[in-house]
Amino acid sequence: MTTSLEHAIDRRQHRNLWAWLSSRQVFWVFLAAVAACVLLSSLTDTFATERNLFNVTRNFAFVGIIALGMTAVISSGGIDLSVGSSVVLSAMVTAIVMAAGYPFWLAAILALLAALAVGAINGLLIAYLGMPPFVVTLGMLSIARSLAMVLSGNKMIWEFGPDHEFLLWLGGGATLGLPHPLIAMVLLAVFTGFAFRWTRWGHHVFAIGGNEEAAIRTGIPVKRVKVSVYMFSAFTAGITGVLEVGWLGGVTTNLGQAMELTVIAAAVIGGANLAGGSGTAFGAVVGALLIEVIRNSLILLGISTFWQGMFVGSFIIIAVAFDRIGGRRSAE
Amino acid sequence: MARLELKGVSKNFGAIQALNGVSTRIEPGQVLGLMGDNGAGKSTLVKVIAGNFSPSHGQVLIDGQPVQFHKPIDAQRAGVEIVYQDLALCNNLTAASNVFLGREPRLRFGPFGILDYQTMYRRSAELFKSLKSETRPRDIVQKMSGGQRQAVAIARTLLTEARIVLMDEPTAAISIRQVAEVLSLIGRLRDQGISIILISHRMPDVFAVADRIVVLRRGEKVADKPTSQSSPEEVTGLITGAIETA
């Protein structure tokens with residue numbers, strides 16, 4: 001009796017690697033992305049070119065970086081619609097400070113502080129005043145973009161003072177053949193994945209997303225953790241803003257418009273549950289990859305870019321639908 | 001010496017007298033069944049013991065020492081734990097994560113610390129074994145039976161070496177087979193010398209595990225006697241007021 005009980009307690013749930021892998025949404029999404037790449041390489045002679053792959057990796061890196069932050073927010077049971085506006089605010093602060101003749105490091109710090117301030121306001125209103133994340137971040141979407149317009153007078157900036165070349169190299173260059181935004185994304189993904197799995201913070205983020213009431217009762221500092229996830233999400237948007245200025249070589253106030261939707265789609269496709277409680281850093285990256293590959297394929301296959309919104313929107317709905325069906329099955 | 005002693009505990013909210021001079025005691029390793037109709041003062045009494053409310057009058061003593069709780073955390077530090085009716089578990093996390101939620105052990109590397117999953121799995125497995133519950137530390141709570149979920153919630157109280165565990169309607173919304181499992185969990189807690197206050201509407205469950213029964217009616221204690229000297233009929237009468245006191 002005792003031995004069989006101990007045996008039962010010590011047994012692991014998944015007996016082999018395949019059972020574990022196939023139960024992961026991110027695994028199937030990863031397969032889909034790989035399949036799409038293989039298909040495109042054979043259907044077009046433009047996909048597998050160095051130039052195109054360079055563009056794809058860089059584009060997907062920007063979405064992937066913010067999807068990491070978004071995954072933290074969604075896992076905690078929230079949503080952040082203001083990331084696209086945080087991108088333009090951060091980019092604009094970088095551009096303005098550098099154009100005024102200040103060095104890059106100062107501009108980058110101020111840009112990240114501006115983004116963090118947006119996240120802090122979001123988080124404080126949501127955590128301490130109990131306002132719905134959707135409403136707060138929707139308001140902030142408008143406020144932050146408007147602020148970027150006010151700061152710049154809605155003009156394009158393309159000259160960045162003494163560190164001009166460095167900025168273009170940082171955002172648009174490559175080291176060892178890897179575009180810098182991609183390197184930034186990989187570093188951030190490793191950092192985020194580690195934080196999710198191995199820190200108390202990560203544990204608490206997922207606990208809050210799973211059952212906020214339980215998290216409060218066990219004494220987790222729920223409010224502080226909530227503020228931190230919105231600041232993290234804004235921070236990833238801030239990093240993207242700084243890098244994207246360098247990549248584009250100029251900033252206009254429509255930068256990052258509608259980006260929140262792509263980012264949310266990436267996170268959700270990668271397994272983040274909009275009801276909170278699940279999501280992975282790897283999933284966010286893979287989700288971003290799949291979206292960018294599909295987006296790129298539409299262009300290469302000569303399909304009008306007007307269709308892109310249709311795909312992104314459908315992805316969100318389909319991913320949530322899968323989740324519903326899966327959730328119902330496991331609840332039985 | 002009594003593990004927990006209440007001396008003339010009263011609580012009023014404005015003009016409403018929720019508790020009126022309730023005195024009772026519970027020994028280590030004893031199960032006290034707390035019964036009463038809705039609004040009889042059960043929840044108020046539990047909240048006083050758990051530190052959600054401070055009593056308007058009277059005293060709470062733990063192991064003979066008078067205690068004054070201002071917040072639930074004060075009560076927790078004194079060894080009082082609550083298992084909530086809805087169990088307060090995170091369905092998306094593993095059993096071990098739930099047991100250690102909010103008190104995760106860490107391996108320290110200078111100023112940094114990473115979660116010590118090995119300790120979490122090992123300790124949870126030990127706790128489940130001591131409860132004789134077939135609950136696997138690495139399983140997600142979502143997929144567990146009601147009895148296993150109770151075991152997770154109870155293991156959490158064992159982790160802190162609680163001395164008094166308050167259980168609020170633990171058998172209210174689960175199947176009959178699982179009720180038996182929960183009642184045996186309560187037995188195991190008692191065997192470890194923990195004092196348990198069981199709040200329940202279900203007469204058979206209380207009679208199955210409680211050593212003593214306290215009945216509250218309109219904020220006053222109307223009965224406090226060993227289970228063996230009472231009967232479900234008598235308790236029903238006491239709850240409804242058909243029997244004045246016993």
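Trainee: Which domains does the domain assignment give for chain B?
Mentor: Domain 1 (1–79 + 162–246) and domain 2 (89–161). Such bounds come from an automatic or database domain assignment. This is a predicted model: local features need pLDDT of at least 70, side-chain atom pairs count only at pLDDT 80 or more, and totals for chains, interfaces and linings use all residues. Residues are numbered from 1 along each chain as its sequence is written, while chains are lettered from A and ligands numbered from 1 in the order in which they are written.

Trainee: What makes B:Val235, B:Leu238 and B:Ile239 buried?
Mentor: The count of neighbours. Buried needs 20 or more other C-beta atoms within 10 Å of the residue's own, exposed has 12 or fewer, and partly exposed lies in between; C-beta atoms are placed from the backbone. These three, in α8 (residues 232–240) of chain B, are classed as buried.

Trainee: Why do the buried residues of α8(B) line one face?
Mentor: They fall within an arc of 100° seen down the axis, so they line one face of the helix. The arc is that of the directions from the helix axis to the C-beta atoms. An α-helix has 3.6 residues a turn, so residues three or four places apart point the same way. The face turned away carries the exposed B:Glu233 and B:Thr240.

Trainee: What do the buried residues of α8(B) pack against?
Mentor: β3 (31–36), α7 (203–209), β11 (212–217) and β12 (220–226) of chain B. B:Gly241 follows α8(B), with a positive phi near 100°.

Trainee: What makes a set of residues a nonpolar core?
Mentor: The members are buried Ala, Val, Leu, Ile, Met, Phe, Trp, Tyr and Cys, joined through C-beta atoms within 7 Å. The largest core has 171 residues, and A:Ala266 and B:Leu198 are among those touching the most other members. Helix α12 (residues 222–248) of chain A gives the most, 14 residues.

Trainee: Where in chain A does pLDDT stay under 50?
Mentor: Over residues 328–332, for which the model has 2 contacts beyond four places in sequence. pLDDT is the predictor's confidence in each residue, from 0 to 100. Chain A has a mean of 86, and 94% of its residues reach 70 or more.

How values were computed:
Two residues are in contact if their C-beta atoms, placed from the backbone, lie within 7 Å. Helices (H or I, at least four residues) and strands (E, at least two) are DSSP runs, numbered from the N terminus.
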